[in-house]
Amino acid sequence: MSSHAPNVNAENAPERDQTYAYNYKEQMEQDVFAAISKPKPMFFVALLISLGCVGIGAYSWTQQIVYGLGEAGITNPVGWGVYITDFVFWVGIAHSGTLISAILFLFRAQFRNRFNRTAEAMTVFAVLTAGLFPLIHLGRVWFAYWLFPYPNQRLLWVNFKSPLVWDVFAVSTYLTVSVVFWYIGLVPDLAIARRIKESKLQKTIYGIFSLGWTGTFKEWQHYNQLYKFLAALATPLVLSVHSVVSWDFAMGVVYGWHTTIFAPYFVAGAIFSGCAMVITLMVPMRKIFSLEKYITVDDFEKLAKLLMLTGLIVSYAYIIELALAMYVGHGNIYEYEQFMYRMTGDYAWAYWIMIGCNVISPLALFIRGLRRNLLFLFFLSIPINIGMWFERFNIIVISLAKDFDPYSFGYYTPSMIEWGITIGSFGWFFTFFLLFTKTIPVIPVTELKEEVE
Amino acid sequence: MKRRDFLKFVGVASSATVLSSCGVEKASDKIVSKLIPEKDIIPGEAYFKNSTCAECAVGCGVSVKTVDHNAIKLEGMTGHPLNDGALCLRGQASLTRLYHPNRLTNPVVPRKSDLNLERMTGSVMEPVSWEDAFKMIAENLGGASANNTSNVYLSGRTTGSLSAMIDDFCGRTGVQRLPEYETYSYANIRAAYQALFGRNEVPDYKIADADLLVTVGADILETFVNPVGFAKQVEAARSNNQLKWTHFEPHVSLTGFKASERQSVQPGGEAYLLLFLARYFDANSVTNRSMPAALKNSLPNVSDNDIAANTGLSVDELNQLAQNLASARNPLLIVGGVSTQQANGYEAALLAGLVQWLSGMVGNTIDFAAGSDYSKVGSLKDIKNLVAMLDSKRVHAAFVTRTDPLFRTVPASMQVTDKIKNAAFKVAFVETIDPADEKAYAEIYDLILPLSHAYESWGDVESRKGLTSVVQPTLKETIFDTHTEGDILMNIAAAVSGAAVEGTYEDWLKARWDASGATDYLMDAGYYQADVSDGRVALSGGAARAFSDANIAAASSGNTLYVVPSIRKLDGRSGDLQLMSEIPDPLSTVSYGSWVSVSKADADSLSFERAESLIQKYRDEVAVESAGVSMNLPAWVQPGLAQGIAVIQREQIDGSMLAYDDRTGEEYARIDNVNISRTGNVVPLAALAGGIEQGERSIIPEPGGGHGHHGKVHFEGDETLYPDPYDRYTEYRWGLSVDMDSCTGCGACVSACYIENNIPCVGEEEVFNGREMSWIRVQPYYNDQGGMDSLVMMCQQCDFAPCENVCPVYATYHNEEGLNVMVYNRCVGTRYCHNNCPYKVRRFNWFDWADEGYWDGPMARMQNPDIWVRPKGVMEKCTFCIQRIRVAKDHAKDEGRLVQDGEVLAACQQTCPTNAISFGNMLDKNSEVYTRTSQSEGKFRVLDILGTGPAVHYLRKEEEA
């Protein structure tokens, strides 16, 4: 790598001539595609660990299917536990992908070009992971197809009044659009891969997936139109999918669930956790694949600002939730006691983990030096991921543990099976992600090239 | 294909079909021929057979519901003088004993040689044939005369023809019949009546006739004498005579909480209280009865102030009580339970008898003519005699039947378990043997014979004098190779004499019934009421003598432990019915396991770690020490208990702590000078309640909270912009009401629901995990005034049910009759409905309970064929016994009419001893449920604020405006 590589950051790009641009593009192509060259042993170790986790998850799920959901810790009155927490967590992770690629694309925020490929990949894999949990938590998963409206002789139909059915549509739509959007953006890069890759097999595979892309003017014209269109289509989905997920709860009668702020609250939370996950993934990846030149500290700082903003929105939601419960106070004893219970009851530890991770820790980002410290960002993003997991845990579990009738109050302790499946879900996600890093350019080459035009 | 090949294939295929259909196993008795139907048997149709509950000695009449020769449900026999349609929770659950997995299936001889082996493999029980068993007994009976010892026959309380048969058998074979052993033998009460009136009996307490009831210690709603009948009578007296009921007790009991007024009395203070009453009645000449001078002089001389100090009540309060009793038209005083089972319990019983005599209750509300038949029942004194006989090796053969064969309920100090081994030959007649107890049985017995269950047997019961109830088989044949006790005795007698057996016990029995003219009554009505002798009694001249050695010395210091009978297991005899562990105790909501109830004050002074939140089911462990014996138990903090008082259930106590009265042989329920300390451990306790105080939650709203609309049912006239839910219903809107004032919290409804709806027991671990499957439950809520309300909670069948909207597959939906029905086989198990149910009455099948073995073996025969056995992953809940509604609708449809009121009884409603539950069509303005609901002033619906529109109304009198 050239020691006097210019700073190519969009805002302060120096004057450049054609030769420079050409060299830079060549260099970038080489650097990025170096990342998807032959894997090092460490890759296989990582892949093996991921697959091992998948194995743990598969074993746990098998146990649960064979013996029944009692293998999990969920019980009366807590009918949803770690599984639905995981579901919302992964759907949340899936959020920033579309945010970064679609919304920031429409707003012409160029820093998104460094992150969008990985973020979109993360979205697709996270939705794939999230989609497992509605199945895992079913009592009779072998009848999962009943959740879809399919024509049948008995004229049985799904209940369109149920938020769970909305969920089925929201998540599957989101998955479809995310995959299409991701793939369309990939096509020019796949064409480059087809050109660069030397083995016949690779050339053929990349050739098939690049759909005969030759880079003509007309192709670019159509491509740009389609990409803009898809970005516009995906944007409302960012808001809708997590709103719908939040309605799983907000439409319920349980206090702690039944509140109107849930949709924006969940969307902000999702972006918050999604950005944190992007940081968690990108900081090591940038280092491992030596992409420091292309993904700069400035770019990360922008992401950190987004993290800070959504963190503040989430904190605001917590305050509103709590303030409303306290304001009505004994006028609505169920809601009041629910929030008192969250703060002081059996699960207070979970509540304060959430507050510490999601409210306190992002405040550090107000300090510019910390915002620009990638190591700090990386170590900050992990507690935020944990905190956002606990946010969902608090909402789901604590609300159910103490709802209306004192006789029915009950405590929930997750079982090993639930942890096994949770570990499995991480393995599942990272397996896909690792395969992604070795098959697809992790940063969009063509879009970075455009920047230097 | 060639024609030949085709024929070959057809030939092979058809012969294979024919052959394979030949080899089927012997047709099960479920298959009933329609061509030649048996008398009155239509496959799938339910038939009711009268019989008598055998779970305890009360002898309530039951109607056994049978379908295809399987008994599937017990219902109290309508019109039976004791229980009139009702049955307690144990009675309901007793059907599981018929199909119990631990039933002894054939006669066995324990291999004693195996007992000393380090590791036993398999069973120590060696099966033998009945003939060999009879022969073995006959040979051994002869041994008694050879070495100048005697043979003895020990049983639990036996009445009716079986008692006569035992006498006949003992007479013929020279066996000595011992006084019967019952843990709750009412020895003090009987001894007191013996001393006062010469009647060694438990009289009939006519609560229904009373307008003032004072109970001291007697847990009349739980276990005392005839709890179901008493509950019915209390209810009748409440509605007919505006019964006022005050209950005095030193501890807390369900009965106390359900009385109009509950008063605490100091341990041992009961006798003082009664002494005060006796003196009052004598001094004020309330009736024309008065004490003879000798009697008056022999009464303990205690000042009023001492009495007040010893009872913990003020003199004014005592006077008020006495005046109330004196001024009541038909007062009734019942003294029993823990108050007669203590060191001065005999004195309490004597004084109680005296008060009852002086106040004119005897002969009015206390009837000796129709007393409970305890004539053959002995006491611990008789057990002591038996031990003396065994000690001196004067017993050769011993028969033990229908009592506790391992003598675990007998105080350990008597060492019966060891001493019985001195007898040369021991035979037990049992129904079930817990595999864990096999070794204990083998150590004692030489032969164990399996008894047929009551519902496989012919017999009768005469638990109340003059009242005979029929016992008849309900199955086509016995499930296992078992016999009735009568048949066994006839066979043994024949084997002894060498003659042939004279027919069966059934023949003998029927001849006996014919002789007394009871046959027609027994076969038609199920019971026979004979004329009873005159119940008039007079104060015996020797009554004063009884008081001469009376000592009513007061309570000692230190903590007092009360050992109380359990409403679920009595003395432990129903402990082998899993359902009786699964259904929680009504006061503590503890299901499985042992615990000790301690007071709040003691919990504070011991600084319990886990006194506050009940959500986590771990409780502080305490060590309960008495007389050098120590038990470590989880502590339940029981509201209402006075400081220094602890309560433990009878079957959970270490037998070494038990003591008894030397004079009467009554077992003490009170253990003094008990030391209770915290061990520092926190241990699991499967108490189901996540909370027992409702705080401000208004689950049961404050009275007078504007909830009642007199003359209207709650949903009528509510001003709302929402569409009227009742517009949807055309013919039926099933509704239910629970009368909070009548409900005794006994849990019979819970038990009935389990049996009716094929609800499995999940076992201790899963109950602890919160996975009990009960569709209906009794929730205790303690209030600051020291009271407790039992809230019966089942699916509320809401008009706007939160569960219905959220089901993605329409597995639960609202039917046109207002029911929130559940399509089990459509359910995919998202549990969203359960989360969204504010009442948390939905139950999820976390496991496949059939796979877990609950329905293994004969238990499957108990399944109600009208309702599915739900597999794993499916949500289930109460639907107001929709299967019964369906049957009634079918009948109504055949006759071209609507279902009439009273035609459908929900299982919970049917068994309720106080008729607290009514159920029917809310659209029918004349239905019982509608009229009762509309007339109730203080009715409410639980969590009405949520707008769910429940169809269950809770009724009560408006107490405060």
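Which residues does B:Leu358 touch, not counting residues up to four places away in sequence? Hello everyone, let's start there. B:Leu358 touches B:Ala278, B:Phe281, B:Asp282, B:Thr287, B:Arg289 and B:Met291. By contact I mean that the C-beta atoms of two residues, placed from the backbone, lie within 7 Å.

A word on ground rules. This is a predicted model, where local features need pLDDT of at least 70 and side-chain atom pairs count only at pLDDT 80 or more, while totals for chains, interfaces and linings use all residues. Residues are numbered from 1 along each chain as its sequence is written, and chains are lettered from A and ligands numbered from 1 in the order in which they are written.

Back to B:Leu358, then. This leucine is found in helix 13 of chain B, residues 345-358. Helices here are DSSP runs of H or I with at least four residues, strands are runs of E with at least two, and both are numbered from the N terminus. Is B:Leu358 buried or exposed? B:Leu358 counts as buried because it has 24 C-beta neighbours inside 10 Å. The cut-offs are these: buried takes 20 or more other C-beta atoms within 10 Å of a residue's own, exposed is 12 or fewer, and partly exposed is in between, with C-beta atoms placed from the backbone. B:Ala308 sits 50 residues away from B:Leu358 along the chain, and their C-alpha atoms are separated by 21 Å.

Now the core. The largest nonpolar core has 423 residues, and B:Leu274 and B:Leu350 have the most contacts inside it. Such a core is a set of buried Ala, Val, Leu, Ile, Met, Phe, Trp, Tyr and Cys residues joined through C-beta atoms within 7 Å. Helix 10 of chain A, residues 262-288, gives the most to this core, with 15 residues. Leaving out residues up to four places away in sequence, B:Leu274 touches B:Val335, B:Ala348, B:Leu351, B:Ala352 and B:Val355.

Let's step back to the domains. Chain B is divided into domain 1 (108-183 + 377-528), domain 2 (187-372), domain 3 (578-684) and domain 4 (725-955), with bounds from an automatic or database domain assignment. How far apart do the C-alpha centres of domain 2 and domain 4 of chain B lie? They lie 40 Å apart. Even so, eight residues of domain 2 of chain B are in contact with nine residues of domain 4 of chain B. On the domain 2 side, helix 7 (227-241) and helix 8 (254-258) of chain B each give two or more residues. Helix 7 of chain B has the largest share, four residues. That side divides into five nonpolar, no polar and three charged residues. For these classes, Ala, Val, Leu, Ile, Met, Phe, Trp, Tyr, Cys and Pro count as nonpolar, Asp, Glu, Lys and Arg as charged, and the others, Gly among them, as polar.

What about the two chains? Their contact takes 43 residues from chain B and 42 residues from chain A. The chain B side divides into 19 nonpolar, 15 polar and nine charged residues.

On to the strands. Strands of a sheet pair through backbone hydrogen bonds, either parallel or antiparallel. I call two strands paired if DSSP finds at least two bridges between them. In chain B, four strands form an open sheet in the order 11-10-9-12, with parallel pairing. Its edge strands, each pairing on one side only, are strand 11 (261-264) and strand 12 (331-335) of chain B. Strand 9 (residues 212-216) of chain B pairs with strand 12 of chain B over five bridges, and B:Leu213 stands opposite B:Leu332 there.

Chain B also has a closed barrel of six strands, running 20-24-21-23-22-25 with mixed pairing. In chain B, strand 21 (residues 596-598) and strand 23 (residues 629-637) run parallel, joined by three bridges, and B:Val598 stands opposite B:Val637.

My last stop is strand 18 of chain B, residues 467-471. Five of its five residues are buried, with B:Leu467, B:Ser469 and B:Val471 on one side and B:Thr468 and B:Val470 on the other. Strand 18 of chain B pairs in the antiparallel sense with strand 17 (residues 459-464) over four bridges and with strand 19 (residues 527-529) over three bridges. The bridge partner of B:Gly459 is B:Val471, and that of B:Thr468 is B:Tyr528. In the hairpin of strands 17 and 18 of chain B, B:Gly466 takes a positive phi near 90°.
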